[in-house]
Amino acid sequence: MIYSTGMRSAVCIAALIAGSAANADVTAAQVWEDWKAQLAIYGEDNLTIGAEETSSGTVTVRDLGLRVSDDDVTAEMTMEAITFNEQSDGSVRVTMDESYPMVVTGDDGVVITINVSQQNMEMIVSGDPDAMDYEVTADQYMIALEDVVDGDVTFTGDAEIAMNDVDLTYQTTVSDLRNISYGGTIASVDVLVDFQIPGGGGEYVTGGGKMVGLTTQAEMAVPLDANFEDPDSLVNDGFAMAGGYTIDSADYIFDVNADGDQASGSISMGASMLTGEMNSDTVGYTSKTDDIALNFVSGDLPLPVELSLAQYGINFLMPMGAADEASDFAIGFDLIDLNISDAIWNMFDGGSVLPRDPATIQLAVSGKAKALFDMFDPSQQDAINDAEMPYELESVSIDTLNINAAGAMVTGDGAFTFDSSDMQSFAPLPRPEGEASVEITGFNALLDNVVAMGLVPEQDVMGARMMMGMFARSTGDDKMETSVEVLPNGQVNVNGNRVR
């Protein structure tokens, strides 16, 4: 929808004006000049200035306008006055309007007006021309919807994000790149949505949420002539970032009545974290959330949905730059102690045949690989697309394999190295060498339970039992193990028996 896309663009501009634009030096004029240099990355035609007034130790900028657009939306904002005032201690105090509008226009003509406000915001800048520091504090920083106009239809409602007790620090140095680091805390973030759908005959969207204890930290390197409209060239020219955040807890509720359907529910989460990095050599991402609980009721579902998780997480790491030596890669997934309500269990297991213990799925794979191309280099994209293997694989290890559900368990580990001088033996992969093993517990009991529930006829599970008997050896009561070994000469053994 244009509403959500426009809101996202507006939030990005608001964040720029509230924080990252404030690169400053020890004089008011230098602060303002650096602001202009920073804002120029959006194009000289997209920045307008009504007037610049200079007096003793003070620069006042009036009617500063910024315009940012893409194929879908155009976002524009105007600030009536920004004042840069030199302090007796050599720092610069920056003040601006307590509130200002932002207008987002979609390619379909929908116009969204947003109001940005800040309570008791204080921005103090210090440092020297080549190394600037600032501190930003505010009782509250809010982005709120004012109205949406679609043709001759105008609707209003509450849609706002409020950040409370903001305390951020920001440092920047300029050399061949603009190096930026920032960090700080936000005591809480409140989210509110409450509006009637225009022409919906009483249909509505309501919801709210609260995040508590937000801490953030990041570092960036930005080319002085950065072109944010070309992300691939941007990274290839030196753009890099690394950082993340943590949240102590979060709770959300929602109630939606639209298109004849009604749904409501709540989501709560404990501690969560996210980190990421992106540069010409590496892309990585890690997220983890503890103690998730979801309750959901919908007219489209025959019963309420209730589930909980002890932990959910995902991570990946990939080399992105051509190099003589292999680099680390990794991918992982954690879904730990998933509980679903008895009402859901009873839909397919009314007789409680299957064990209803919490389910867990964990997988972690890591290794080393050599990128054969610079993945962010636009001039190499055709070669990358035509390459059969853009990476040279050196090693892979199964660090974690743990699946535990419905009374059955699968665990395993393993490690292999790869010889890229032999691309024929196991084409298209290089020749592997190493060993992996998998242990399975409760497999036959699970098949028996599935048959007892009437989900699958006994004759249909015979093939699965025979297959497991061929490739796994018994190690105890309903316990099996399969091991695969690849020798340097290309011989493959399964459970000690040669199969290749």
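Met470 is found in helix α7, which spans residues 458-471; helices here are DSSP runs of H or I with at least four residues, strands are runs of E with at least two, and both are numbered from the N terminus. This is a predicted model, in which local features need pLDDT of at least 70 and side-chain atom pairs count only at pLDDT 80 or more, while totals for chains, interfaces and linings use all residues. Residues are numbered from 1 along each chain as its sequence is written, and side-chain values use heavy atoms, with hydrogens and water left out.

Met470 counts as exposed because its relative accessibility is 62%, where exposed means over 50% relative accessible area, buried under 20% and partly exposed in between, with a 1.4 Å probe and protein chains only. Together with Met467 and Phe471, Met470 makes a nonpolar surface patch of about 330 Å².

The largest nonpolar core has 71 residues, of which Trp35, Leu64, Ile82, Phe84, Val94, Met96 and Met123 touch the most other members. Strand β8 (residues 131-150) gives the most to this core, contributing seven residues. Apart from it lies another core, of seven residues, including Phe443 and Met480. Such a core is a set of buried Ala, Val, Leu, Ile, Met, Phe, Trp, Tyr and Cys residues joined through side-chain atoms within 4.5 Å.

## Strands around β16

Strand β16 (residues 282-298) pairs in the antiparallel sense with strand β14 (residues 261-269) over six bridges, and in that pairing Ile267 stands opposite Leu294. Two strands are said to pair if DSSP finds at least two bridges between them.

Strand β15 (residues 272-278) is also joined to β16, running antiparallel to it over seven bridges, and these two strands form a hairpin with three residues between them. On the other hand, β16 and strand β17 (residues 305-319) pair in the antiparallel sense over 14 bridges and form a hairpin with six residues between them. Tyr285 in β16 takes part in both pairings, standing opposite Gly276 and opposite Phe316 in β17.

## The loop around Leu372

Leu372 is placed in the loop between β19 (359-371) and α5 (381-386), and it counts as partly exposed because its relative accessibility is 38%. Although Leu372 and Asp324 are 48 residues apart along the chain, their C-alpha atoms are separated by 8.9 Å. Not counting residues up to four places away in sequence, Leu372 touches Ala322, Met389, Pro390, Tyr391 and Glu392, contact meaning heavy atoms within 4.5 Å.

Key
Patches are made of residues with over 30% relative accessible area and no salt bridge: like charges are joined within 9 Å, nonpolar side chains (Val, Leu, Ile, Met, Phe, Trp, Tyr) within 5 Å. Accessible areas come from the Shrake-Rupley method with a 1.4 Å probe; for residues, only the protein chains shown count as cover. A salt bridge is a side-chain nitrogen of Lys or Arg within 4 Å of a carboxyl oxygen of Asp or Glu.
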